[in-house]
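Please open the structure in a viewer and keep the selection panel at hand.

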Protein chains: 2
Amino acid sequence: MTTVDRDTVSLGEFEFECGESVDDLRIAYESYGEFTGDNAVLVCHALTGSQHVADVDRSAWSRDDAGVGEADEAEAEGDTTAQTAGQARAWWNDVVGPGKAIDTSEYYVVCANVPGSCYGSSGPSSDGPDGEPWGTDFPPVTVGDWTRAQRRLLDALGVGRLHAVVGGSVGGMNALDWARRYPDDVTRLVVVAAAARLDPQCLALDAVARRAITTDPDWNGGDYYGKSEPENGLALARQLGHVMYLSKSSMAQKFGRRSAGRDAHREAFPSDPAASFFPYRDVESYLDYNADNFVDRFDANSYLYLTRAMDDFDLREGYDSDADALAAFAGEALLLSFTADWHFTVEQSESLAEAFRSSDVPVAHHVVDSDHGHDAFLVEPENVGPPVADFLEDGVEGRAITDTAVESDGGTETEFAPVHSSLFST
Amino acid sequence: MTTVDRDTVSLGEFEFECGESVDDLRIAYESYGEFTGDNAVLVCHALTGSQHVADVDRSAWSRDDAGVGEADEAEAEGDTTAQTAGQARAWWNDVVGPGKAIDTSEYYVVCANVPGSCYGSSGPSSDGPDGEPWGTDFPPVTVGDWTRAQRRLLDALGVGRLHAVVGGSVGGMNALDWARRYPDDVTRLVVVAAAARLDPQCLALDAVARRAITTDPDWNGGDYYGKSEPENGLALARQLGHVMYLSKSSMAQKFGRRSAGRDAHREAFPSDPAASFFPYRDVESYLDYNADNFVDRFDANSYLYLTRAMDDFDLREGYDSDADALAAFAGEALLLSFTADWHFTVEQSESLAEAFRSSDVPVAHHVVDSDHGHDAFLVEPENVGPPVADFLEDGVEGRAITDTAVESDGGTETEFAPVHSSLFST
């Protein structure tokens, strides 16, 4: 039986990187397992994820049993009722738990909801000094603020040096920030489906997503709590994100050009008479269904805040290069990337691997051949689990780990075999 | 001096594929050059393009002189004042004109604004029977309706068999429909950056774009003429489209992660105080600027109508296969595709080439190595012009034409070398 703690701690006054402060930063977290002094693993969640990373106190379930709509709603996410233990889906339950890749019988695993989010930590939807939700008066947050808040939380939990920091997607950026900011605090770093910075295509799509929210009249400058919420804008933002998490090939396999069934709820969005001549497609129905679920569980202002933090992150900021930013890191690093991921590409991970190599940090870049797009890090635990487990145990020499570097004399000569033929095939 | 005609013709009653009719379908067109009986070339415009394909009556200009913002606004488009001769940019002026690839000294070139659009042909923004704009009472339109209307227009102009039909993007689908629907009317078919059907990823993004329009309260069920127009929704739709027309590498080259200059108009969309801590990026400024121009020149209902026509097009509809749909076509075909185009991929063009080959239609699939994404067909006239010119002159044996097929015995063995390493590199 793994011990589980679910709690929210008050960290007192906290100054954000922007210079603004809050009197009492609250951080909601979950921890699993027993801390033995050297076995702490911090897991960093993705954009709209939560602290609810594992369902250790209910029996294991299979992702395949869950149905497509549900399984996908779990992607990169936590769930609505993260604070209601055992009620809902944990976002990395196939990877974290007793006997799993991140083994809670062996490690003390901590996951904290980042500041700016909406699952119990301080953010736009939490109460400000006047007892009303902060709204957009909440200070802007950065990935660096997430890391600093996590450091404070771990201090409060009595954890000094971490055995590992593990993060996926923007959670991987969060992990990279740990290596840069607290290079002596982390022995092993696992960066899954992430990058040193977002590329301009993703910056553009995130910007369009934010505009979808802020042009929804119900957004009302961010002041919508207790009123009509900007559901249309948030739904559109979510649908855009969703397309970014999938790949051309996964969408072709999952939906093709099929029409949705007759009982599909086409009326989720306004339409006009001419639309009814054309099919309502599976892919539309899927996006509509998932967006509908999403607006029930996520806060529109948090979506603005967290995408801005992601867009803003740049590993080399304040340094001459990525390698320079990582130079003080004394641990080892595992990078995982997925061939059909166009949100965070294999090439970006390889560039990051080269930065680690130039700084003489032991690193392995393990490329997974996959059709699943960015989602792969959540829906392919069979490919993610083994390298992560072996790395936590044995470092870059772990048995299940492959590396794109053929030889390391000098650390510069590498061979990289991008398997992109499936990236955009149909 | 090339003769230019700009006119709008009344084609009388027209029954759309949906079964609904209008009493008088009006089609706005431009034609360039003299018809000699066998030299007619129909050019089919892209989604938001117009009949204004060439500026033959003003001196040539260089695209490079035009500045990034303007050059891009011309992409896949016509221009606002298509009906005001010589006032504004023609969308394929580098390819069509006297002495150019589609030589108006040699060919009689016709381009018609498709029904459902907003540049003078009948559509949602044109006047209905009651003298008021149709709005969403205008019948739904399909690519087949475009083709049938073009056939009627050409009849009115005295043109029977066409020397060639040339189309890019959804205009290429329009061209394919010509080969399927009127297989004896076309000698040479040029399909540029198109496909037999859209893939589910693009269907999804188009659906999100339509939702951006229909959730804008100013859309008002399509009844907004003379009132406040759904500018925010149309701007978002356009920004999404814009991202689809570019590639990761072209965006990296063009914008990187740079901040926009201080005089960039950040206030194009609503924002919140926290946003000001973060840079307003070049890529955002570019999208905002172009969206702003776009809403001035395009009709939101037309955007709904035309994207649905594009999404709906499927070459094999009513046939057993793409090859079957093309079996009656007795001419030759040239397919052009661009390596970094993720809207209409090289793979989709190759699949189309195989369909032509199985039907024993002489075909060449000419792949252009390019970083420009879908836009390449507009911004790389130096790569598009030569194969098109030679094909119009000499068919698939034209000198500047390459083909993906290595040998044609049996027409099945082909070698395809996708050059996708640049597709998603950063």
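This is a predicted model: local features need pLDDT of at least 70, side-chain atom pairs count only at pLDDT 80 or more; totals for chains, interfaces and linings use all residues.

Residues are numbered from 1 along each chain as its sequence is written, chains are lettered from A and ligands numbered from 1 in the order in which they are written, and side-chain values use heavy atoms, with hydrogens and water left out.

**Stop 1: the domains of chain A**

Select residues 4-198 together with 314-424 of chain A for domain 1, and then residues 203-306 for domain 2; these bounds come from an automatic or database domain assignment. Domain 1 of chain A brings 40 residues to the contact and domain 2 of chain A brings 33, where contact means heavy atoms within 4.5 Å. About 3000 Å² is buried between domain 1 and domain 2 of chain A, and carbon and sulfur atoms give 60% of this area. Buried area is the accessible area (1.4 Å probe) that two parts lose on being put together, summed over both.

Next, select helix α1 (residues 68-73) of chain A, which gives the largest share, four residues, of the side of domain 1 that touches domain 2. Helices (H or I, at least four residues) and strands (E, at least two) are DSSP runs, numbered from the N terminus.

How many salt bridges cross the interface of domain 1 and domain 2 of chain A? The rule finds zero; it asks for a side-chain nitrogen of Lys or Arg within 4 Å of a carboxyl oxygen of Asp or Glu.

**Stop 2: chain A against chain B**

Show both chains. In this contact, 66 residues of chain A meet 66 residues of chain B. The area buried between chain A and chain B is about 5600 Å², with 68% from carbon and sulfur atoms.

Ten salt bridges are counted between chain A and chain B. Select A:Arg211 and B:Asp288, whose side chains form a salt bridge (2.7 Å, N to O). On the side of chain A that touches chain B, the elements giving two or more residues are α4 (200-214), α5 (231-245), α6 (248-254), α7 (282-297), α8 (300-312) and α10 (346-358) of chain A. Of these, α4(A) gives the most, twelve residues.

B:Glu284 lies in helix α7 (residues 282-297) of chain B and A:Arg211 in helix α4 of chain A, so the pair joins two chains.

**Stop 3: the relation of the two copies**

The same surface serves both copies, as 100% of the contact residues of chain A recur in chain B.
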